[in-house]
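Hi,

Here is the structure I promised to pass on. My notes follow below it.

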Amino acid sequence: MRRKYGVAGVFLTAMLALAACGGGGSTGGNPLDTTSAVPTGSASGAGGKAVIGSFDFDESVLLASIYAQALEAKGVQVEEKPRIGSREVVYDQVKSGGLTIVPEYNGNLLAFIDPKATAATTDEVNTALKEKLPAELEVLDSSPAEDKDSLSISKDTQTKQSLNSMEDLAKVSKDMVVGGPPEFKKRWEARFKEVYGLEFKEWKPTGPTTSDAIKDGTIQVGNVFTTDPKMAANNLVALQDPKNIFPAQNVTPLLHKASASDTIRTTLNGISAKLTTDSLLQMMQKISVNKDEPAVVAKEWLTTNGLG
């Protein structure tokens with residue numbers, strides 16, 4: 001679920017978030033107001049209350065909607081605040097209690113908290129997370145569903161240059177333009193060079209158009225997530241990562257501990273038990289290709305799995 005901004009970028013993200021969230025939830029308000037009180041009664045009563053946020057990309061909005069609809073079905077009073085922005089913004093909101101829940105990705109969350117972390121597998125990442133998280137926060141069960149970062153290229157580039165792994169890419173990367181989210185360069189440039197010796201001709205902030213930019217040749221390499229339906233549609237190939245620079249990225253609920261009821265924990269763990277990478281990819285195809293609304297796709301999945 002991924003993403004760093006400079007000071008100006010965070011400010012811009014925050015301003016955009018205000019506009020994006022103006023119609024979300026039942027009470028509105030400023031999703032970035034760090035003085036927000038912890039939702040009263042959230043940890044008491046049969047269901048409690050929950051303010052659910054999401055990052056500014058479709059998959060996060062989908063997951064937040066799955067959480068929200070399942071919790072509402074269990075009697076939890078839910079307010080949704082979609083598309084708030086980057087992890088830098090959202091994390092602080094969960095920590096302060098302004099948000100109760102956000103769907104996270106365990107590997108990127110660990111890297112955000114501890115940039116020097118070396119954990120790679122799901123178990124290693126979750127063990128490290130539980131040691132590093134501040135007392136205000138907790139993670140619930142990770143789902144088998146995983147949306148990993150990748151460096152991807154076109155099938156044509158792979159064939160012409162015999163590129164199968166990020167180690168192979170190091171031989172030609174200086175002649176290539178790489179793209180990804182706005183924070184991609186800041187987050188990964190030094191690490192790519194340290195682990196694989198990767199240096200690129202140019203870095204472009206291609207954001208959600210990264211897959212298309214690889215296809216049309218604007219860039220030759222891109223940071224594409226493995227559940228992006230355009231991987232198959234655009235005939236892209238994810239380069240192998242033999243040194244595990246990209247850790248496990250299991251979908252994992254992040255909670256403000258004091259605001260979460262037992263009903264919230266049980267319900268979200270039930271979702272994680274049934275959410276798979278394949279089902280996530282199928283849902284994202286409906287959103288990305290068919291242009292279905294995330295809330296509609298979320299409802300279908302919940303009903304199919306007896307959780308709605």
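To start with a question: in which hand does H2 pass H12? The crossing is right-handed, that is, the near helix is turned clockwise from the far one by less than a right angle, anticlockwise being left-handed.

Before the rest, some housekeeping. This is a predicted model, where local features need pLDDT of at least 70 and side-chain atom pairs count only at pLDDT 80 or more, while totals for chains, interfaces and linings use all residues. Residues are numbered from 1 along each chain as its sequence is written, and side-chain values use heavy atoms, with hydrogens and water left out.

**The chain overall**

The protein chain has 13 helices and 10 strands; these are DSSP runs numbered from the N terminus, with helices being H or I of at least four residues and strands being E of at least two. Of its 308 residues, 53% count as buried, meaning under 20% relative accessible area, with exposed over 50% and partly exposed in between (1.4 Å probe, protein chains only). Its accessible surface is about 13,400 Å², and carbon and sulfur atoms account for 50% of that (Shrake-Rupley method, 1.4 Å probe; for residues, only the protein chains shown count as cover).

**H2 and its two partners**

Back to H2, which spans residues 58-73, and H12, residues 277-288: they pack at about 110 degrees with their axes 11 Å apart. The axes are lines fitted to C-alpha atoms, for helices over the stretch in contact, and angles run from 0 to 180 degrees between N-to-C directions.

On the H2 side, Asp 58, Glu 59, Leu 62, Leu 63 and Ile 66 meet Leu 280, Met 283, Met 284 and Ile 287 of H12, contact being heavy atoms within 4.5 Å. By class, that contact holds 7 nonpolar, no polar and 2 charged residues. For the classes, Ala, Val, Leu, Ile, Met, Phe, Trp, Tyr, Cys and Pro are nonpolar, Asp, Glu, Lys and Arg are charged, and the others, Gly among them, are polar.

H2 also packs with H13 (residues 294-304), where the axes come within 8 Å and cross at roughly 55 degrees, so H2 and H13 are oblique to each other. This crossing is right-handed too. The H2 residues here include Val 61, Ser 65 and Gln 69, and the H13 residues include Pro 294, Lys 299 and Trp 301. The contact of H2 with H13 has 10 nonpolar, 2 polar and 1 charged residues.

**H3 and Val 94**

H3 (residues 87-96) is mostly covered, with 7 of its 10 residues buried. Among them are Arg 87, Glu 88 and Val 94. Val 94 has 0% relative accessibility, so Val 94 counts as buried. After H3 comes Gly 97, with a positive phi near 95 degrees.

**Ile 219**

Which loop holds Ile 219? The one between helix H9 (210-216) and strand E8 (221-223). At 1% relative accessibility, Ile 219 is buried. Its contacts include Val 177, Lys 204, Thr 206 and Ile 214.

Cheers

Methods
Angles under 35 degrees count as roughly parallel, over 145 as roughly antiparallel, 65 to 115 as roughly perpendicular and the rest as oblique. Lists of a residue's contacts leave out its neighbours within four places in sequence.
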